Amino acid sequence: MDTTFVDREQPRLLQELSEFLAIPSVSTLPAHSGDCRRAAEWLRTELTRLGCPVVTLIEGDGHPVVWAEGPAVPGRPTLLVYGHYDVQPPDPLEEWDTPPFEPTVRDGRLYARGAADDKGQVFCLLKAYEAVLDSDGRPPLNLRFIFEGEEECGGRVISDLLRAEPERTRADAALVCDMSYYAPEWPAVYTGLRGLCYAEISVRTLQRDLHSGTYGGVAPNAIETLVRILAGLKDEDGEIQMPKFYKSVEPPSKRELKTWRKLPFDKERFLHEEVTSRALTGMKDYSIFERTWALPTLEIHGIRGGFTGDGAKTVIPAQATAKVSLRLVPGQRYEKVGRQLERAVAELTPKWADAKVTLLHGGDPVVVDVDHPAFGVLDQAFESVVGRKAVQVRAGGSIPIIPELGLAGAPVILTGIGLPDDGLHSPNEKLDLAQLWTGIQIFGRFFELFAEQAMAKDGGTGADESVAEAEAVEMA
Ligand code: BES
Ligand code: MN
Ligand code: MN
């Protein structure tokens, strides 16, 4: 691949990405479902322009999945590219220096919701493909693109699709570009993701709200009852207090722990600039990497109930609801954890209250064995552009569909071009443009090297173990 594409096309690429980012594809807010569709349409147009003979929006009960197939390249391997076009809500709006859906460049960074998570990275992959087409005149391998619009909201369109058609995503490897470098100049590949179990806990203690003077002292307060239940689920050191909860937790491998101990890490910078608190909390016997990558957590996201408007109202609330989630690690399954949560809440609920746990969505944790040759190819691509191989780390975050991608043993390459300070889900989310420009070269190189590697493996006779070849055999 020649490297002039990015230099030549920068202004156009920036213009196109800005157009994509300006679409407020906030999947969790029903008012934006038209915008989610517009973002999907934007991708459809782009994939068609890139010469994909198959480009479809797959409908379901929610936002569409964008599916595309590049031109068939017989004898070459098949790579599945996954990403998501939906974004998190942008609030609090007043904390943005420029509006979240008016992409703006400042100091070489592009600020917008979705700049790093994940539209900017989806764009990077599309442009890497375009760069390879521009330079080589034809695709080096078989590409399949799957972009969902419900990653951030736990929608089911993509999982329903993959359950109904497990063969669709069969590939020699999957490339997921929804993560970040470990640090500037330190590209990363991920050996694990945490899973998630998201739930609502509602408590009712009265039939209706009551005067807090007349009944205060005798009437059970729903918010108080709820916060006592919540407090009972986790102790002050961050240990989750649910029966047998840690039993199935598998510790990280020796190799992982050894790698993590050698990672450069500035605790003060992490505390003050990333976390922005005065102290770190959690299970003190474990390192920060273990706590954020290899141990489960329980977080309270919000509590609703009672009176929260301006002014004062003296009321005993009858009802209160909390949104909570647990991050899960290898060994745990979200369905089982959901049942454990239901049981723990039931045990913590006093007899005069009704508590209900509603599971909203979940995803299992992911473990990736990075010994497959595809990871060597990724290293080569990073090395040729950034001068350093990928460090092997894990992420505390989740991508619920990954365990369901149906890869049947094929490797899933979790990587990305973000930086740790991109501010995912926060105000002033950004993408460093230098990361985008190098990213286009990295993944362009990766496409070429992955094809070459598979060819070399079977001595140039055609990738006889590849998915493309298997399909040809099936059709014959
Ligand atoms: N890209 C993130 C996941 C991620 C975050 C990976 C940080 C690596 C590092 C993804 O878009 C995300 O935010 N996922 C949600 C999933 C949830 C809403 C089901 C998450 O982790 O909260
Ligand atoms: Mn993401
Ligand atoms: Mn996200």
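Guide: What follows describes the ligand's surroundings and then the sheet. The model is a predicted one, and the values below are computed from it. Ligand 1 is surrounded by 14 residues, the closest being Glu 151, Asp 178, Arg 327, Ser 398 and His 425.

Turning to polar pairs, a nitrogen atom of ligand 1 lies 2.9 Å from an N or O atom in the side chain of Asp 178, while an oxygen atom of ligand 1 is 3.0 Å from an N or O atom in the side chain of Glu 152, and a polar side-chain atom of His 84 is found 3.1 Å from an oxygen atom of the ligand. Of the 520 Å² of accessible area that ligand 1 has on its own, the protein covers 86%.

As for the sheet, strand β7 spans residues 173-177 and pairs with β17 in the parallel sense over four bridges, with Leu 175 standing opposite Ile 413 of β17. Both strands belong to an open sheet of six strands with mixed pairing, in the order β1-β2-β6-β3-β7-β17. Because β1 (54-58) and β17 (412-415) stand at the edges and have a single partner strand each, one side of each is left without a neighbour in the sheet. From one strand to the next, the twist averages 15°.

Technical notes:
Residues numbered from 1 in each chain as written. Chains lettered and ligands numbered in written order. Predicted model: local features only at pLDDT ≥ 70, side-chain atom pairs only at ≥ 80, totals over all residues. Heavy atoms only, no water. Pairing = 2+ DSSP bridges. Helix = DSSP H or I, 4+ residues; strand = E, 2+ residues; numbered from the N terminus. Axes fitted to C-alpha atoms, helices over the stretch in contact; angles between N-to-C directions. Near = heavy atom within 4 Å. Polar contact = N/O pair within 3.5 Å; in protein donor to acceptor, adjacent residues only side chain to side chain. Areas by Shrake-Rupley, 256 points an atom, 1.4 Å probe, with all protein chains shown as cover.
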